Amino acid sequence: MAAFLSCLLVALPLRCAGQTNLRSPEDIQIYVVNTNFTLSWNYTGNDTNVTFSAEYRWFEDTETNGMEWKGLPGCQNVTCTECDFSSAITEYYDKHHVRIRAERREEVSPWSSTFEMFPYFLAQIGPPGIALQSMNGVIKIKVSPPEENQVRKMWLTPLDFKYKVVLWENSSNSEFRSQSIFPTDIIDDLAPDTTYCLKVQATLPLELREGLFSPIRCIKTTRKVNDLLCATNLRILALNMEFHLHWANRYKQHVSYNVQYLIGYLKKLHDDYSVKWLNVHGCENITDTQCNFSSIITTTSGSYYLRVQAINEYNRSCLSNEVKVDPLITNQIGPPRVKLDISNALLHIQISPPGGSESEVMRDYYDLSYRVLYWKNSSNNEFFLFQEEIKVKEIKQTIGSISDLAPSTLYCVKVQAFSEAYNKSGHFSKGECIKTPGDKILPLIILATFVIALIAVFLVAVPLVFALYQAYSKIKYVFFPSCQPPLNIEGFGGQLFSSPYLLTAEEPIENCSVIETIITEEVNQIVFKDYKHSKQSSRDSGNYSNDDNTSGSKVSEEMLEKETV
């Protein structure tokens with residue numbers, strides 16, 4: 001007995017030292033679909049009656065020391081090269097290690113290399129469930145999310161799933177058609193009485209995950225009933241966040257309409273939303289073929305669906321096809337308002353955002369920029385755009401300026417609002433024109449020339465005027481002296497007095513001496529008397545009392561006495 005134990009103790013170290021003939025499993029792989037875990041491997045040995053057992057350990061944090069290996073449930077003593085260990089993994093965000101070895105009776109192989117995994121990041125999205133119904137030429141499809149009926153779930157937010165359907169006719173050489181669908185949706189634009197096959201895939205776009213396709217299902221379409229009562233050709237016209245729905249009427253008799261809407265996120269739910277449609281206020285029981293539904297747009301982040309219910313005089317109704325509204329995508333950007341002004345050789349442009357200054361949605365959500373077109377307009381025609389080179393300037397603010405303007409030139413401006421975030425450009429504004437003022441250099445030149453000419457004229461005219469004035473003074477002094485004889489001398493007895501000092505005064509005296517004696521005597525007496533009277537008056541008044549006048553008077557008196565005698 002002791003010998004047997006000693007042999008056994010010797011044999012065990014030899015096996016542990018690598019003396020076994022069993023090879024280790026290779027190419028360890030783990031496949032995770034939803035919460036289903038499958039371990040697979042390759043075994044290249046030719047041994048028979050070989051089984052495989054796996055161990056694992058998991059870490060609640062990043063520390064790996066001190067964690068013990070445990071047998072992996074579902075992967076003990078298996079004879080094939082794969083096993084299911086779904087029941088062993090419950091923490092899908094923690095790190096796990098897995099290893100495996102081959103066994104034959106008491107003989108075991110070395111452990112394989114360790115496979116490291118984080119279950120959530122390794123997992124694939126499983127196939128969704130689908131239910132189909134053919135009705136009125138369309139296929140109604142209802143999709144259930146992966147793991148719908150499972151207790152343990154890898155994907156905790158099924159509302160994050162997006163679904164894609166691949167559809168084709170069940171015939172040879174058919175083309176595949178792919179489109180996104182909601183959990184409950186309708187696939188239209190199908191040929192009548194035709195069998196279509198389809199499969200559905202669930203995706204998580206935010207995580208760039210694509211799941212497995214569902215099993216292929218096939219269904220045959222029916223013929224669509226062409227009901228003239230139904231509203232057709234639904235279209236949406238939206239400008240500056242004002243939304244209008246238009247449709248066509250083919251019914252020849254009396255018909256009224258109810259416009260209904262559905263908030264978009266309700267379609268993302270897996271519940272039945274058919275009873276959640278609401279009427280648009282102001283568009284109930286109307287006969288017009290248009291409706292302003294701006295009042296229902298309470299948020300710009302979501303989407304809306306609209307449809308028209310037509311009701312005839314017999315109270316029979318028909319629902320139109322649905323039309324989708326994404327407010328910021330469907331809406332068109334209108335033209336801004338522009339005001340021009342010129343100052344300091346700059347053309348100032350003031351822009352009012354589309355929709356007016358009170359439209360916060362247009363200004364804030366679109367993050368608008370502005371494209372300014374301006375050109376010289378020599379024909380005064382704002383629509384003749386190509387007569388001059390059009391220049392473009394992009395600005396972010398609602399106030400801009402343009403420099404390098406030509407004087408006395410008509411400039412025209414058009415402005416377009418655009419949003420880079422939504423790759424959307426609006427309508428151009430009406431052309432506005434303004435004329436730049438004339439060149440200020442020419443008036444300055446003219447003013448400078450005038451001032452210089454004025455100075456030159458002044459410099460020439462002043463000496464000339466001074467010279468003329470001097471000449472005039474000399475001439476006036478010689479020919480028109482300022483000194484005049486007294487009044488009593490100028491008009492003596494009403495006759496010109498003959499001065500002995502003036503030649504011109506002697507000639508009348510000589511002419512008077514020719515008169516006959518009798519007349520001369522009478523005249524001389526009269527003159528003498530008048531003279532004496534004048535002399536007496538002069539003495540009494542005290543005028544002309546200088547020596548020269550006195551001596552002159554005496555001489556004149558003596559001469560008159562001699563002539564009288």
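## Contacts and overall make-up

Among contacts in the protein chain (heavy atoms within 4.5 Å) between residues at least 6 apart in sequence, 63% join residues at least 24 apart. The model is a predicted one, in which local features need pLDDT of at least 70 and side-chain atom pairs count only at pLDDT 80 or more, whereas totals for chains, interfaces and linings use all residues. Residues are numbered from 1 along each chain as its sequence is written, and side-chain values use heavy atoms, with hydrogens and water left out.

The protein chain contains nine helices and 33 strands, where helices (H or I, at least four residues) and strands (E, at least two) are DSSP runs numbered from the N terminus. Of its 565 residues, 36% are buried, a term that stands for under 20% relative accessible area, with exposed meaning over 50% and partly exposed in between (1.4 Å probe, protein chains only). The accessible surface of the protein chain comes to about 36000 Å², and 55% of it belongs to carbon and sulfur atoms; these areas come from the Shrake-Rupley method with a 1.4 Å probe, and for residues only the protein chains shown count as cover.

## Two nonpolar cores

A nonpolar core is a set of buried Ala, Val, Leu, Ile, Met, Phe, Trp, Tyr and Cys residues joined through side-chain atoms within 4.5 Å. The largest one has 52 residues, and those with the most contacts inside it are L245, W247, V259, F293, L347 and I349. When residues up to four places away in sequence are not counted, F293 touches I236, F243, H244, L245, V280, L306 and V325. A second, separate core of 48 residues includes L39, Y56, I125 and W155.

## Aromatic pairs and charges over rings

The structure holds 14 aromatic pairs, in which rings of Phe, Tyr and Trp (its six-membered ring) have centres within 6.5 Å, with planes under 30 degrees apart counted as stacked, over 60 as edge-to-face and the rest as tilted. The pair of F161 and Y163 is tilted, because the ring centres are 6.4 Å apart and the planes stand at 35 degrees; both of these residues are buried. W247 and Y257 form an edge-to-face pair, 5.4 Å centre to centre with 65 degrees between the planes. This pair links W247 in strand 19 (residues 242-248) with Y257 in strand 20 (residues 255-263), ten residues apart, and both W247 and Y257 are buried.

One aromatic cluster is formed by Y93, F118, Y120, F121 and W155. A charge sits over a ring if NZ of Lys or CZ of Arg is within 6 Å of the ring centre and within 35 degrees of the ring normal. In this sense the charged end of R99 sits over the ring of W111, 4.3 Å from its centre, and that of K199 sits over the ring of F213, 4.5 Å from its centre.

Strands count as paired if DSSP finds at least two bridges between them. Strand 23 pairs with strand 20 in the antiparallel sense over nine bridges, with N312 as the bridge partner of V255. Three bridges join strand 23 to strand 25 (residues 323-325), again antiparallel, and here L306 stands opposite V323. Strand 24 (residues 317-319) also pairs with strand 23 in the antiparallel sense, over three bridges, and its L319 is the bridge partner of Q309. The hairpin of strand 23 and strand 24 has four residues between the strands, and in it N315 takes a positive phi near 65 degrees.
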